[in-house]
Amino acid sequence: WNLLDLVCDVVVPLDEQLRIMDEAPRFAAMVMSQGKKVKGMRLQEFMPREEDQESLARCARAITSDSTQGTAPRVLHVRLRDSLGSMIRVELFCVPVSTIVGRSHYVGIRE
C-alpha cells in the first residue's frame with residue numbers, strides 16, 4: 001500500500017464486505033463528510049451510480065479469487081458523490097491483502 005500512497009490522493013483499507021476499516025480522514029476530507037464518521041461504511045455508499053457499485057464488487061471478487069494475478073492492482077474509473085451532492089470522477093486502484101484474520105483490500109483513489 002506504500003506504493004499506492006505515492007500515486008494516489010487517498011488510500012482506504014476495506015474489509016471483505018468493502019466496508020471502510022478505519023477513520024480514513026483523507027477520504028472523509030475528499031468527500032467532505034463534515035464530521036460524519038466513514039469507518040464501517042461501505043465504499044459503495046459514496047457511489048451514486050449502480051454500475052460503479054457493481055464494478056467495485058466485481059473487481060473485489062475477481063482479485064480475491066484469481067490466484068494467478070498475485071497482488072497486481074486493478075483499476076476502475078468511477079464517480080463518487082461528496083456531502084454536497086457534487087460528483088467526483090476518480091480512478092480506484094484495488095489491491096487484495098491476505099492476513100491472518102482474512103482477506104481485505106486496499107483501494108487507492110486518485111482524482
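## A predicted α/β chain and its strand pairings

Strand E3 (residues 87-99) runs antiparallel to strand E4, and the two pair over nine bridges; strands count as paired if DSSP finds at least two bridges between them. The model is predicted, so to speak of local features a pLDDT of at least 70 is needed, side-chain atom pairs count only at pLDDT 80 or more, and totals for chains, interfaces and linings use all residues. Residues are numbered from 1 along each chain as its sequence is written, and side-chain values use heavy atoms, with hydrogens and water left out.

Let's stay with E4 for a moment. Between E3 and E4 there are two residues, and the pair forms a hairpin. E4 (residues 102-110) also pairs with strand E1 (residues 10-14), again in the antiparallel sense. Ile 109 in E4 links these pairings: Val 10 has Ile 109 as its bridge partner, and Leu 92 stands opposite Ile 109 as well.

| Strand pair | Sense | Bridges |
|---|---|---|
| E3 and E4 | antiparallel | nine bridges |
| E1 and E4 | antiparallel | five bridges |

Stepping back, the protein has three helices and four strands, in the order α-β-α-α-β-β-β along the sequence. Here helices (H or I, at least four residues) and strands (E, at least two) are DSSP runs, numbered from the N terminus.

The radius of gyration, taken over C-alpha atoms, is compared with a globule rule of 2.2 Å times the number of residues to the power 0.38. For 111 residues a compact globule would come out near 13 Å, and the protein agrees, with 13 Å. Its C-alpha atoms fill a box of roughly 40 × 25 × 25 Å along the principal axes. Of the contacts (heavy atoms within 4.5 Å) with a separation of 6 or more, 46% join residues 24 or more positions apart.

Buried residues make up 43% of the 111; buried means under 20% relative accessible area, exposed over 50%, and partly exposed in between (1.4 Å probe, protein chains only). Leu 6, in helix H1 (residues 2-7), is exposed, with a relative accessible area of 70%. Gly 85 lies in the loop between strand E2 (74-81) and E3, and is partly exposed at 39%. The C-alpha atoms of Gly 85 and Pro 48 are 9.5 Å apart, although 37 residues separate them along the chain.
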